[in-house]
Amino acid sequence: MSKVGGSGRGLSYSGRQRPKNLPLIRTNRFQKSGNKEVYETKNMENAFVMRVDMPGCSASSFVYRVEEGKNVHFSAHELDMPEYSHDGRKYEGTLVCNPAVFEVKEAKAELVDGVMWLTVPKIPRKEEPEHYVLQKMLKLKITSDMFR
């Protein structure tokens with residue numbers, strides 16, 4: 001999976017500046033191995049895959065739906081624990097896809113052990129034949145006789 005965030009100090013981008021409108025991604029400092037980012041994305045050959053940590057959420061609370069043929073909205077919630085004065089976390093988000101590239105209606109999502117896996121397949125493309133553009137230069141010598 002491609003790394004979305006850096007080493008816990010915010011987002012890191014190779015070769016470009018961090019967009020100002022993106023919030024910092026917080027990491028779990030108690031995690032000792034594996035990618036510590038809250039979410040990851042991977043653009044594969046046949047699909048786009050998104051992984052989002054939703055700790056404490058059960059599969060029964062997980063819901064996803066396709067809206068407007070291009071948006072995949074997902075949500076889940078953690079159970080309340082009044083004995084610890086904990087109201088439970090609520091997670092939700094929307095993945096906006098280009099309908100010319102992705103089969104958004106075929107998107108699949110599942111929540112496994114507090115981790116959401118969202119897969120949006122790409123529209124199969126036929127390989128286009130190679131087009132060669134031959135460029136020919138025409139050399140002209142312009143003289144004053146040509147304008148008479």
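In which loop does serine 85 lie? In this predicted model, serine 85 belongs to the loop between β4 and β5. This residue opens the report, which then turns to the strands, the nonpolar core and the aromatic pairs.

## Loop residues and backbone angles

Serine 85 has a phi near 55°, a positive value in a residue other than glycine. Most residues other than glycine have a negative phi. With a relative accessibility of 69%, serine 85 counts as exposed, because the cut-off for that class is over 50%.

Aspartate 113 also has a positive phi, near 50°, although aspartate 113 is not glycine. Its place is the loop between β6 and β7. The relative accessible area of aspartate 113 is 78%, and the residue is exposed.

Glutamate 78 is found in the loop between β4 and β5, and at 14% relative accessibility glutamate 78 counts as buried. The side chain of glutamate 78 makes a polar contact of 3.0 Å with the side chain of histidine 86. Leaving out residues up to four places away in sequence, glutamate 78 touches Pro55, Gly56, Cys57, His86, Gly88 and Arg89.

Serine 61 is placed in the loop between β2 and β3 (63-67). Serine 61 is buried, at 11% relative accessibility. Its side chain reaches the backbone oxygen of serine 58 at 2.9 Å. When residues up to four places away in sequence are not counted, serine 61 touches Ser75, Ala76 and His77.

## Strands and their pairing

An open sheet of four strands has the order β1-β2-β7-β6, and its pairing is antiparallel. β1 (39-43) and β6 stand at the edges with a single partner strand each, so one side of each is left without a neighbour in the sheet. From one strand to the next, the twist averages 10°. Within this sheet, lysine 108 has threonine 119 of β7 as its bridge partner.

Antiparallel pairing is also found between β3 and β4 and between β4 and β5. β3 and β4 form a hairpin with three residues between them. In the turn of this hairpin, glutamate 68 has a positive phi of about 60°. Valine 63 has serine 75 in β4 as its bridge partner, and asparagine 71 stands opposite valine 96 in β5. β4 is mostly covered, as six of its seven residues are buried.

| Strand pair | Sense | Bridges |
|---|---|---|
| β3 and β4 | antiparallel | five bridges |
| β4 and β5 | antiparallel | seven bridges |
| β6 and β7 | antiparallel | five bridges |

In soluble globular proteins, nonpolar side chains tend to be buried together. The largest nonpolar core of this model holds 20 residues, of which Met54, Leu95, Met116, Leu118 and Val120 touch the most other members. At least two residues of this core come from each of β2 (47-53), β4 (71-77), β5 (90-96), β6 (108-112) and β7 (115-121).

Which residues are in contact with methionine 116, leaving aside its neighbours within four places in sequence? They are Met50, Arg51, Val52, Met54, Phe62, Phe74, Glu110 and Leu111.

## Aromatic pairs

The structure holds two aromatic pairs. In one of them, the rings of phenylalanine 48 and phenylalanine 102 have their centres 6.3 Å apart. Their planes stand at 75°, so the pair is edge-to-face. Phenylalanine 48 lies in strand β2 and phenylalanine 102 in the loop between β5 and β6, so the pair ties together parts that are 54 residues apart in sequence. Phenylalanine 48 is buried, with a relative accessible area of 16%, and phenylalanine 102 is buried at 14%.

Phenylalanine 62 and tyrosine 64 form an aromatic pair that is stacked, with 6.1 Å from centre to centre and 25° between the planes. Phenylalanine 62 is buried, with a relative accessible area of 13%, whereas tyrosine 64 is partly exposed at 28%. Phenylalanine 62 is also among the residues in contact with methionine 116.

Conventions. Residues numbered from 1 in each chain as written. Predicted model: local features only at pLDDT ≥ 70, side-chain atom pairs only at ≥ 80, totals over all residues. Heavy atoms only, no water. Core = buried A, V, L, I, M, F, W, Y, C linked by side-chain atoms within 4.5 Å. Buried < 20%, exposed > 50% of the residue type's maximum accessible area, 1.4 Å probe, protein only. Contact = heavy atoms within 4.5 Å. Pairing = 2+ DSSP bridges. Axes fitted to C-alpha atoms, helices over the stretch in contact; angles between N-to-C directions. Polar contact = N/O pair within 3.5 Å; in protein donor to acceptor, adjacent residues only side chain to side chain. Phe/Tyr/Trp six-rings, centres within 6.5 Å; stacked < 30°, edge-to-face > 60°.
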